[in-house]
Amino acid sequence: MVTPKGARGVSGLAVSTTAVAAMPPAGGGVALRRELSPPDGVSWPSLAQTLRDWVAAGTIASPVRIALLPPLVEMRTVALPPIGDEDARRLLVRAASRHFLSAREPMLVGVAPARAGGVRLAAAVAARTWRAVLDAARDAGVEVELIVPAQAALACRSSRGANAAGALLVSYGDSVELLATAGGSLTDVRRFRANGDEQAIAD
């Protein structure tokens with residue numbers, strides 16, 4: 001892996017099915033953005049080429065943190081029995097199609113610690129999408145520090161103060177999400193149709 005000379009301290013990448021943005025440290029705004037073609041099966045040639053170009057130009061450096069936007073990632077609250085984090089993750093992997101609308105193939109699932117009543121935040125991404133993103137970064141010589149749902153990254157950036165609570169409305173074209181935050185952490189996700197219908201797509 002390489003860290004190009006002259007890199008501008010870009011701290012993360014935000015990736016959707018149609019574009020990638022390079023994000024400088026918090027408060028710096030969006031530095032770079034490029035349109036993408038969708039992933040090609042288990043590879044993502046346009047993402048790999050973009051990252052190669054940015055590395056060659058010295059505008060991104062290793063390591064990077066990657067935030068995946070919907071529909072690449074799906075995040076929601078789920079109610080589960082009182083079980084440990086790893087057991088909860090395994091349960092959701094086995095029954096992904098019951099809990100995630102996008103689960104039509106093998107999925108990778110992450111869970112947050114349980115809250116009162118066994119409610120958890122869970123995120124799911126297609127295994128081949130995860131692999132395509134990692135392979136594109138590695139092909140460009142970029143070390144990936146972590147991959148997170150964009151919802152969690154937005155909650156962290158938008159919260160103010162250790163005990164601050166608030167809400168953030170994010171539009172993704174055909175849907176919107178209401179993100180509840182507290183102390184820099186995401187506490188709830190509600191997704192709605194973008195046509196004004198207030199009924200949640202997934203309760």
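This is a predicted model: local features need pLDDT of at least 70, side-chain atom pairs count only at pLDDT 80 or more; totals for chains, interfaces and linings use all residues.
Reader: Is A114 buried, partly exposed or exposed?
Author: Its relative accessibility comes out at 42%. Buried would need under 20% and exposed over 50%, so A114 counts as partly exposed.

Reader: What is the C-alpha to C-alpha distance between A114 and D85?
Author: A114 touches D85, along with V119 and R120, once residues up to four places away in sequence are left out. In sequence, A114 and D85 are 29 residues apart. In space, C-alpha to C-alpha, they are apart by 7.8 Å.

Reader: Moving on to R120, is it buried or exposed?
Author: R120 is in strand 7 (residues 119–126). Its relative accessible area is 2%. The cut-off for buried is under 20%, so R120 is buried.

Reader: Which side chain makes a polar contact with the side chain of R120?
Author: Beyond its neighbours within four places in sequence, R120 is in contact with a list of residues, including I83, G84 and D85. A polar atom of the R120 side chain lies 2.6 Å from the backbone oxygen of I83. The side-chain to side-chain polar contact is at 2.7 Å, and the partner is D85.

Reader: Which strands stand at the edges of the five-stranded open sheet?
Author: The order is 3-2-1-4-8, with mixed pairing. Two strands have a single partner each, so one side of each is left without a neighbour in the sheet. Those are strand 3 (32–35) and strand 8 (144–149).

Reader: And over how many bridges do strand 4 and strand 8 pair?
Author: Strand 4 covers residues 64–68 and pairs with strand 8 in the parallel sense. Within that part of the sheet, R65 stands opposite L146 in strand 8. The number of bridges is five.

Reader: At about what angle does helix 4 run to strand 8?
Author: Helix 4 (residues 127–139) lies across strand 4 and strand 8. Helix 1 (residues 45–56) lies across strand 1 (12–15), strand 2 (19–23) and strand 3, and runs at about 150° to strand 3. For helix 4 against strand 8, the angle is about 150°.

Reader: Zooming out, what share of the residues in the protein is buried?
Author: The secondary structure comes to five helices and twelve strands. Out of 203 residues in the protein, the buried ones make up 43%.

Conventions: Residues are numbered from 1 along each chain as its sequence is written. Side-chain values use heavy atoms; hydrogens and water are left out. Helices (H or I, at least four residues) and strands (E, at least two) are DSSP runs, numbered from the N terminus. Buried means under 20% relative accessible area, exposed over 50%, partly exposed in between (1.4 Å probe, protein chains only). A polar contact is a pair of N or O atoms within 3.5 Å; within protein, one must be able to donate a hydrogen and the other to accept it, and residues adjacent in sequence count only if both atoms are side-chain atoms. Contact means heavy atoms within 4.5 Å. Two strands pair if DSSP finds at least two bridges between them. Axes are lines fitted to C-alpha atoms, for helices over the stretch in contact, and angles run from 0 to 180 degrees between N-to-C directions.
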